Amino acid sequence: MLSLYTNLAVRLQRNEKGATAVEYGIMVGLIAVVIIVAVTLLGTTLQDMFVQVQCSISSGTYTAGAAGAAGTCAP
């Protein structure tokens with residue numbers, strides 16, 4: 001009986017590395033999803049901000065776009 005318990009304990013200890021790799025894989029996947037969602041939600045806003053800054057630097061007139069669309073810059 002003690003031999004059976006010892007063998008089971010040894011097997012469970014060996015499988016910890018595999019479980020850790022799976023946990024890291026799940027974490028990396030979730031982080032990737034969060035990054036994709038953040039870039040998707042903030043992408044248009046950031047693009048609009050950069051167009052506005054570029055327009056200000058080139059002394060142009062900035063016109064804001066419709067909801068969800070980037071603005072335009074006229075010289």
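This report describes a predicted model of a protein chain, moving from its overall layout to a surface patch and then to one residue in a strand.

**Overall layout**

The protein chain contains two helices and two strands, and these elements follow one another along the sequence in the pattern α-α-β-β. Of its 75 residues, 4% count as buried, while the chain as a whole exposes about 6400 Å², of which carbon and sulfur atoms supply 69%.

**Confidence**

Across the protein chain the pLDDT averages 78, and 71% of the residues reach a score of at least 70.

**A nonpolar surface patch**

A nonpolar patch lies on the surface and is formed by Val 33, Val 37, Leu 41, Leu 42, Leu 46, Met 49, Phe 50, Val 53 and Ile 57, which together have about 890 Å² of accessible area. One of these residues, Val 53, is located in helix 2. Val 53 counts as partly exposed because its relative accessibility is 43%, a value that falls between the limit for buried residues, under 20%, and the limit for exposed ones, over 50%.

**Thr 72 and its surroundings**

Thr 72 belongs to strand 2, which spans residues 72-74. When residues up to four places away in sequence are left out of the count, Thr 72 touches Thr 61, Tyr 62 and Thr 63.

Notes: Residues numbered from 1 in each chain as written. Predicted model: local features only at pLDDT ≥ 70, side-chain atom pairs only at ≥ 80, totals over all residues. Heavy atoms only, no water. pLDDT = per-residue confidence, 0-100. Helix = DSSP H or I, 4+ residues; strand = E, 2+ residues; numbered from the N terminus. Contact = heavy atoms within 4.5 Å. Patch = residues over 30% accessible without salt bridge, like charges linked within 9 Å, V, L, I, M, F, W, Y side chains within 5 Å. Areas by Shrake-Rupley, 256 points an atom, 1.4 Å probe, with all protein chains shown as cover. Salt bridge = Lys/Arg side-chain N within 4 Å of Asp/Glu carboxyl O. Buried < 20%, exposed > 50% of the residue type's maximum accessible area, 1.4 Å probe, protein only.
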